[in-house]
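Subject: Structure handover

Hello,

Here is the structure you asked to look at. Please open it alongside these notes.

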Protein chains: 2
Amino acid sequence: MKIMHIADLHIGRTLNQHLLLADQAYVLNKLITEIDNEAIELVIIAGDIYDRALPSKEAVRLFESFIYRINIERGLPVLAVSGNHDGAMRLGYGKDWFKGHQFYLSTAIEDSFTPVTFDDVDFYLIPYIEPAEARLYFEEDNIQTHYDSYRKVVEIINDKRDQSKRAVIISHLFIQGGAETDSERPLSMGAVEYVHQTVFKGFDYVALGHLHHPFAIQSETIFYSGSLMKYSFSEVSQPKGYRLVYIDEEVKSVFVPVEARRDMHVIESDYESVINNSLALSTEDYYQFILSDMRHIKDPMTRLKQVYPNVLELRYAEDIRSEREVEVEVDQRTDMEIIQQFVRKLTDTSLSHNQQQIIERLSKEVNDETH
Amino acid sequence: MKIMHIADLHIGRTLNQHLLLADQAYVLNKLITEIDNEAIELVIIAGDIYDRALPSKEAVRLFESFIYRINIERGLPVLAVSGNHDGAMRLGYGKDWFKGHQFYLSTAIEDSFTPVTFDDVDFYLIPYIEPAEARLYFEEDNIQTHYDSYRKVVEIINDKRDQSKRAVIISHLFIQGGAETDSERPLSMGAVEYVHQTVFKGFDYVALGHLHHPFAIQSETIFYSGSLMKYSFSEVSQPKGYRLVYIDEEVKSVFVPVEARRDMHVIESDYESVINNSLALSTEDYYQFILSDMRHIKDPMTRLKQVYPNVLELRYAEDIRSEREVEVEVDQRTDMEIIQQFVRKLTDTSLSHNQQQIIERLSKEVNDETH
């Protein structure tokens, strides 16, 4: 059986106010071509189908037409779970009708326990689960973390499971040892988020979503597909595509890259080199430029857009430098001396008399409050 | 064949900030009981399923569970069209999957032309259509009104139709000769809205939604079911329920009332009679009170709510009177005299000197502009 494993489509996402829907439509179209060329027999979508709980109607239409082409036009089964970005209830609308056509959508804990079986392989679809939701569902106060929640769900699956059959898990979570980027929204506040790999021991393939890097985890059986495309500047050097999974005598998975409509880059350079394109950049791609020698340029973003219409962000190299760490000596010095030293190291200038007065006043206020 | 014809569910509607969802769930539940008791074989929903283009998730859940009970639990076909309150695209999500289970949902012009056939009867599902939408779809500039739009759609249906078979139309529109209440939102601004009855000549039954009164139109073949419940104070004396349609040797339809969770009334009385409930009103029902002798009462709404927790609106009888027409003589009088006369008739007081000055100034400004 040949399976396409995708995740983190984030349909409807914007990056720096730029709507990525046309880019997403482009990649989804490429995936349809891959399905045909590779003779894919089943498609797995491991959560974060939409970017928001209440997607726009354009986003809904794009997802619907993608699934239509796979499931109705080509008659292929689709197995999907909701992610932390999805609104489980809205995403789940219609699922009782969809499954009549082998489009299985798991959006609630109770959807996890009954496997969907193809070619004698059991597929368990576990949606993204909030610990509070699991605590309520199982009526167990000691369920406090994501780990507790998924462990409990998989325990129940294992109790009922026919161990002689091969089994696949589809879910959306942060696995222990995974590598994060900037664009995965934290699963919840305060709690330990990751789920230990041991939870999924004994399963033949674990198809995950949430982390956007397709190689976010090293494991024999647990895999992220990575996101549909680059969704933040911290992902510019990550490959994007899908996992091609073979479940035959043995189970194996390979990552297949899929070309984006426009690539995305972070370019650190000086303004002149970029505006004259001495770097020979593709002018249509998405860019975050971090440029030096730009203080004297009036409205540099407008000028850059004339050359690179899809530049998404412009930052001053000097600002980036100031965000970096600066070491100051703090022993045996007064507050004012420490601040003066810090400012000097950062800007190569000294505090004015007026600035010193303000700092003195604030410093006094803080000291009065703490004593 | 025994059919239930309903329309104008307006799921998620609020009346004077009061969410009617629990009332709607109550009536939908009653309808399920009717379906079982009457051995209904098919359900028609003639538009305005939701009250808004973007319904709340609670509204979506209520509609989904209603259709689930009819279509999946009982296996009955459901034939529905979108109304002017529905967001056609969002409502139509999943319709290609639903029809595999005999849940037919028509939300676009192109859904109108292919009939759904049961027991050798052809059902044509025509959604609510904006003239601009029809003009674009048919590429005909002379389509300007609702009448033009529906006439065009039905012409195409008639051209292809097997005239030997019986045919039913399901749609959502304002038929010529229908009686409006306060709660149907105008279909569009400025255009003539109604559709001539002749458009539907030759059809055996025309199941309509839009007008909330089940007897809004007198016809042998064209029927409104009326709305699910009373949705404005102008509907308090209307019966609410569904139409039971028989399509056998002959076609007939009877209106069947369905009891609401709480009835709705407009009560014109004096404050004392109501607060002491000398009228023996049911205290749980919904009320609009129009009361006299209330000027001396502090916070009358709070007091009334202690007796009638579901009062929705309180109006002063004196304010109502002032909204009524006042006759003034306008021949041979100055503007100021006409205004003075009007104020006297309405309030039994005269204009102050200051008020007269303001009116003189405004009157002068208006005259200067017009001359």
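What follows is a short account of what was found in it.

Please keep in mind that this is a predicted model.

**The six-stranded sheet of chain B**

Chain B has an open sheet of six strands. Its order is β6-β5-β4-β1-β12-β13, and the pairing is mixed. Which strands stand at the edges? They are β6 (103-106) and β13 (251-257) of chain B. Each has a single partner strand, so one side of each has no neighbour in the sheet. On average, neighbouring strands here are turned by 20° against each other, direction ignored.

Two pairings in this sheet are worth a look. Strand β1 (residues 2-6) of chain B runs antiparallel to strand β12 (residues 241-247) of chain B, and four bridges join them. B:M4 sits opposite B:L244 in β12(B). On to the next pair: β12(B) and β13(B) are also linked in the antiparallel sense, over seven bridges. There B:Y242 faces B:V256 in β13(B). β12(B) and β13(B) form a hairpin, with three residues between them.

Two helices lie across this sheet. Helix α1 (residues 21-37) of chain B lies across β1, β4 (42-46), β12 and β13 of chain B. Its direction is at about 165° to β1(B). Helix α2 (residues 57-73) of chain B lies across β1, β4, β5 (78-81) and β6 of chain B. For α2 of chain B, the angle to β4(B) is about 155°.

**The five-stranded sheet of chain B**

Chain B also has an open sheet of five strands, in the order β7-β8-β9-β10-β11 and with mixed pairing. β7 and β11 (222-224) of chain B are its edge strands. Each has a single partner strand, so one side of each is left without a neighbour in the sheet. Neighbouring strands of this sheet are turned by 25° against each other on average, again ignoring direction.

Strand β9 (residues 166-172) of chain B and strand β10 (residues 205-209) of chain B run parallel, joined by five bridges. B:I170 stands opposite B:A207 in β10(B). Helix α6 (residues 146-160) of chain B lies across β8 (121-126) and β9 of chain B, at about 150° to β8(B).

**The contact between the chains**

Chain B brings 24 residues to the contact, and chain A brings 24 residues. About 2200 Å² is buried between chain B and chain A. Carbon and sulfur atoms give 70% of that area. Which residues of chain B lose the most area to chain A? B:M89, B:Y93 and B:W97 do, and together they account for 40% of what that side buries.

How many salt bridges are there between chain B and chain A? The count is zero. Polar contacts do occur: six residue pairs between chain B and chain A, with both residues at pLDDT 80 or more. On the side of chain B that touches chain A, α2, α3 (88-92) and α4 (95-98) of chain B each supply at least two residues. α2(B) gives the most to that side, with nine residues.

**Salt bridges**

Over all chains, the structure holds 30 salt bridges. One of them joins B:D111 and B:K95, with the closest N and O atoms 2.7 Å apart. B:D111 lies in the loop between β6 and β7 (116-118) of chain B, and B:K95 lies in helix α4 of chain B, so the pair ties together parts that are 16 residues apart in sequence.

Best regards

Technical notes: Residues are numbered from 1 along each chain as its sequence is written. Chains are lettered from A and ligands numbered from 1 in the order in which they are written. This is a predicted model: local features need pLDDT of at least 70, side-chain atom pairs count only at pLDDT 80 or more; totals for chains, interfaces and linings use all residues. Side-chain values use heavy atoms; hydrogens and water are left out. Two strands pair if DSSP finds at least two bridges between them. Axes are lines fitted to C-alpha atoms, for helices over the stretch in contact, and angles run from 0 to 180 degrees between N-to-C directions. Contact means heavy atoms within 4.5 Å. Buried area is the accessible area (1.4 Å probe) that two parts lose on being put together, summed over both. A salt bridge is a side-chain nitrogen of Lys or Arg within 4 Å of a carboxyl oxygen of Asp or Glu. A polar contact is a pair of N or O atoms within 3.5 Å; within protein, one must be able to donate a hydrogen and the other to accept it, and residues adjacent in sequence count only if both atoms are side-chain atoms.
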